[in-house]
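Good morning, colleagues. Please look at the structure.

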Amino acid sequence: PPLPPLCSSAMAPLPCWLFPLISLLLSSSPWASPAEQSWLQPYDLLYSAGVQAFFQGDPSQSRDYLQGALHSSALLKQVKVSCQGQCQREAPFKPHMHDLSFVDAVLQRSECLEHCERLRLGPPSRHKVSRVVREEFQHREPYNYLQANYFKLGQIDTAIAAAHTFFVANPQHAQIRMDLGMYRKIKEIRWDNLRDLEALPHWEAYEEGVRHYNTQNYTQAILRLETSLKEAFVSLDECRALCDGTQEEETDRDTHQKVYEIIAARYVQVLKCRQACVQEIATKPGQKFPVHDFIPSHFHLLHSAYAEVGDGATAIESTLTFLLFHPHDGSAQDTLQQYRERFGEESGVQARENVRAYIEQSLGEKKLIFYAMEHLDISFEDPDVWTPEESVPEAVKNMLRAQKQSRAEEQEEARASEAQRGPLPFEGPTVTLDSHQLNGSHRVVLDGVLTQSECQELLRLAGSEDGTQERRSPHTPHEHFRSLSVPKAVKLAGVGAVASAGVRLFLDAGERSRRIVESYFRTEVPLHFSFTQLVCRTAAEGKQKGRVDLSHPVHADNCILDPEGQECWKEPPAYVHRDYSAVLYLNDNFEGGDLFFTELDAVTETAEVHPTCGRLAAFSSGGENPHGVRAVTSGRRCAIALWFTHSSEHAEKERKEAEELLIQMEVSSTQEDEILEGRTSQRSSAVDETTNPLGRKQRVSTTQSVRLTREEL
């Protein structure tokens, strides 16, 4: 898949001049001690070396480096978690410490961690990884490179597994979806290899457990849900342990803070990180939001499953555990009473102790965070719905209510703004999808802008052999491309190469679209045409096999899209004067060709629009609406592309001149028709008047063919 240039890419955050040194840095020095040779290689260097090899066209070396980077990243996490656990045991914090003993314990813990990690990893600076690289690994970017390397090396099964692993965490990634589609067309593939190489144990077990529960296979549901719980707490402990490691530096921190203020701010940061861990483990890779009440939901399912298999003691235990989270849940209390009546009062059955300890620890951390919110101006969003209301100070409740009210008002303002969209200027078109349904801002899709007969007339204009010559698409070698501008269309009509009625409809369709966009989006100043063209994209015969590219790459219409920097630069050579864009579709008898919108990263899809006759997709032209066109893999896709501007200086002057010329041609044609009427009425009394499909009057003789010379006309 196409990837950004190496040195300008966030995927390769090191300066270009450092890359020749990477191999030397990663190789074992002959002067290194045995201890140094055993140190773990930094995964960011391995990753950068893999990216470098990828762009140098060495898939084998790139594969080895990237596999090493993934392995190193996993081992680094294991070492840090292991050292945290070891040092908690060797240098514990004891209750009722005075200042000096507390500082002494902190120093001992710090020394233990330094020694433990240095022994296995080397100096701390060796594994100081940038935020960008950490985010790349969270999004599984190495697998995107790996799947391309495996494919080039002919390791198709492994390529599919790597592609699927990347896809799981990036389900809206346009390119990986196309790659997987390509893999599906390849024969002799074992699709049982379609597995997530980074699958989290607790998630696999949880989904299987829920599936077994829904099919009433309660024995298997119990086994998988209990496994999920066990693995979830392991993941939770690992996440919390990593919170004690290196934290992001706060650039706006007051440099004049006193020692206790610094300690308090740093420790509250650790506590907030620990609290966020429950959301992290509850969020499935590739999803934006966590499963609601993730850990308690296990016990909600388990108590019912245990009751179904007749294990009354564990059913009661699971219900009691659920009530630790939600002690006032009336349904759970009723269920507990029913179990006791059904199975008898089980003596000694209590809620699970590890869960009780987890809740006490979490509430203890929340108590400190709430105090910091109240007195130290700290912000915090509680990830748990089960936090007892009585544990939250009144002042904090007021703060949280104010934050919630503020968010609600912002959402209401956004909805009100959308609801205040302007009316459509004439009957016929209807709104099919608004901005909310298209998951963005300043977007709309309307149907009924053209009739079926009007679409056919415009398609005839687009397909005229006397028009512009078909050429290879400027965006892909797999498609042919033909475009027709308004001035060119009028010129062709002037020499009789195309029907003037079709050209008039071409202009009128653009004007309809302009009025709709101007009215619907309630533009404060009038919109002018910036450019208009009728475009057809045709799939090239025999060039579609194995195709993975796009018909038109993702871009924005008035700024230069920078996916890595998450920016869109409104500067030349971009058409910075464009304010709104629109596409008026003429047909749907082709495969592919859907319009799709993305985030600024150019890969996370937010919405798609399927072309059909008379459908208008309109949107603002800036970085809020990056968009592209999927490959046309069969047939011909035709549409009128329109760009509008508020600036009269950048109005399409050629269009105005062409329209004036067309009016002159139409006036001249009318005069010729009048002359024709006079001549033919003298030559034949048997002439009927009919109407052509466009509604224009035409003369037809029922007795003879009337021919007039040019001199007579």
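Glu518 counts as partly exposed, because its relative accessibility is 22%, while Arg514, at 13%, counts as buried. Please bear in mind that this is a predicted model. The side chains of Glu518 and Arg514 meet in a salt bridge, with 3.1 Å from N to O. Both residues belong to helix α20, where they are four residues apart, about one turn of the helix.

Arg504 is buried, with a relative accessible area of 18%, whereas Glu666 is partly exposed, at 22%.

How many salt bridges does the structure hold? The number is 27. Another of them joins the side chains of Glu317 and Arg352 at 3.2 Å, N to O. Glu317 lies in helix α14 and Arg352 in the loop between α15 and α16, so this pair ties together parts that are 35 residues apart in sequence. Here Glu317 is partly exposed, with a relative accessible area of 22%, and Arg352 counts as buried at 15%.

The charged end of Lys366 sits over the ring of Trp386, 4.8 Å from its centre. Arg578 lies over the face of Trp643, at 4.4 Å from the ring centre.

I turn now to the aromatic pairs, of which a search of the whole structure finds 20. Tyr339 and Phe343 form a tilted pair, with 6.1 Å centre to centre and 55° between the planes. Both lie in helix α15, four residues apart. Tyr339 is buried at 8% relative accessibility, and Phe343 is partly exposed at 22%.

Is the pair of Phe521 and Tyr580 stacked or tilted? Their ring centres are 5.1 Å apart and their planes are at 25°, so the pair is stacked. Phe521 lies in the loop between α20 and β5, and Tyr580 in strand β9, so the contact ties together parts that are 59 residues apart in sequence. Both residues are buried.

Finally, one aromatic cluster is formed by Tyr43, Tyr47, Phe54, Phe55, Phe137 and Tyr145.

How values were computed: Residues are numbered from 1 along each chain as its sequence is written. This is a predicted model: local features need pLDDT of at least 70, side-chain atom pairs count only at pLDDT 80 or more; totals for chains, interfaces and linings use all residues. Side-chain values use heavy atoms; hydrogens and water are left out. Rings of Phe, Tyr and Trp (its six-membered ring) pair if their centres lie within 6.5 Å; planes under 30 degrees apart count as stacked, over 60 as edge-to-face and the rest as tilted. Helices (H or I, at least four residues) and strands (E, at least two) are DSSP runs, numbered from the N terminus. Buried means under 20% relative accessible area, exposed over 50%, partly exposed in between (1.4 Å probe, protein chains only). A charge sits over a ring if NZ of Lys or CZ of Arg is within 6 Å of the ring centre and within 35 degrees of the ring normal. A salt bridge is a side-chain nitrogen of Lys or Arg within 4 Å of a carboxyl oxygen of Asp or Glu.
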